[in-house]
Amino acid sequence: MPKGEQPTAEQVNEVKTRFLKNLEEQPPAVPFHPSDLARIKDSDVWITQLLEAYKLDVEKAIIRLRENCEWRQSFGTNDITATNINQEYLNDGEIYVHNQDKDGMPLLIVNFSKHSKSKNHDDLIRVIVYWVERVQHQYNYEKKITLFMDMTGAGLSNLDLDFIKRIVGLFETKYPNAPNYIVVHELPFLLNAAFKIVKGFMPAEALEILRVTTKKDINEYVDKENCLKSWGGNDDYTYKFAA
């Protein structure tokens with residue numbers, strides 16, 4: 001996917017300087033995680049990505065940077081590991097990272113045929129955050145992620161609008177520059193009406209990168225070698241968690 005307009009060094013420096021000044025003048029009740037502060041002080045990547053996501057809006061980037069630091073501290077984002085999230089959800093194959101899209105960006109797969117509305121949304125979101133953070137650490141925060149909502153074999157009992165809202169909201173506010181594409185694959189005809197509701201609460205930025213695919217056109221975004229056999233590809237992979 002083509003990049004948006006790139007921020008200037010002056011814009012990046014303004015966000016960084018004003019954020020740090022605000023932090024000094026109005027320190028949070030609970031200090032932000034040292035790792036997050038180091039990312040801001042020692043690198044321009046995070047701020048650059050926020051400015052890209054918010055179309056070079058310096059004020060919005062400053063606000064969202066502070067909000068993200070607050071969320072990461074309260075959520076315990078930096079301390080999430082494979083051992084302190086829901087082990088059933090980590091291993092059942094609903095949420096995992098595997099292969100990449102045609103731009104070389106990792107696929108974060110959410111297999112809705114394995115979803116149940118009885119599952120705990122908070123625990124599911126922690127599993128998603130675990131995978132996003134794992135990928136970002138692996139690639140030094142420089143690669144995007146394609147969110148691949150696999151609807152193959154899903155039915156009305158699997159469709160959970162509240163869970164999808166949570167996923168969209170997570171990326172919109174906490175990882176706004178992370179998605180390369182949002183792919184909804186093999187949406188069953190019976191779920192078309194419900195999916196119109198989903199599109200209604202998606203922000204404009206998400207709609208720009210939304211792609212609804214079938215076996216006929218999935219290779220526009222994911223080549224055959226990286227497509228699972230259930231998607232019409234050559235990969236016969238079966239998910240098994242590996243740390």
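Domain bounds here come from an automatic or database domain assignment, and for this protein chain that assignment gives domain 1 (9–79) and domain 2 (87–231). The model is predicted, so local features need pLDDT of at least 70 and side-chain atom pairs count only at pLDDT 80 or more, while totals for chains, interfaces and linings use all residues. Residues are numbered from 1 along each chain as its sequence is written, and side-chain values use heavy atoms, with hydrogens and water left out.

**The two domains**

- The centres of domain 1 and domain 2, taken over C-alpha atoms, are separated by 26 Å.
- Contact, meaning heavy atoms within 4.5 Å, involves 15 residues from domain 1 and 15 residues from domain 2.
- About 1,300 Å² is buried between domain 1 and domain 2, and carbon and sulfur atoms give 53% of that area; buried area is the accessible area (1.4 Å probe) that two parts lose on being put together, summed over both.
- Of the area that domain 1 buries against domain 2, Gln49, Trp71 and Phe75 supply 35%, which is more than any other three residues.

**A salt bridge across the interface**

- The rule, which asks for a side-chain nitrogen of Lys or Arg within 4 Å of a carboxyl oxygen of Asp or Glu, finds 1 salt bridge across the interface of domain 1 and domain 2.
- Arg72 and Glu133 form a salt bridge in which the closest N and O atoms are 2.8 Å apart.
- On the side of domain 1 that touches domain 2, helix H3 (45–53) and helix H4 (58–75) each supply at least two residues, helices being DSSP runs (H or I, at least four residues) numbered from the N terminus.
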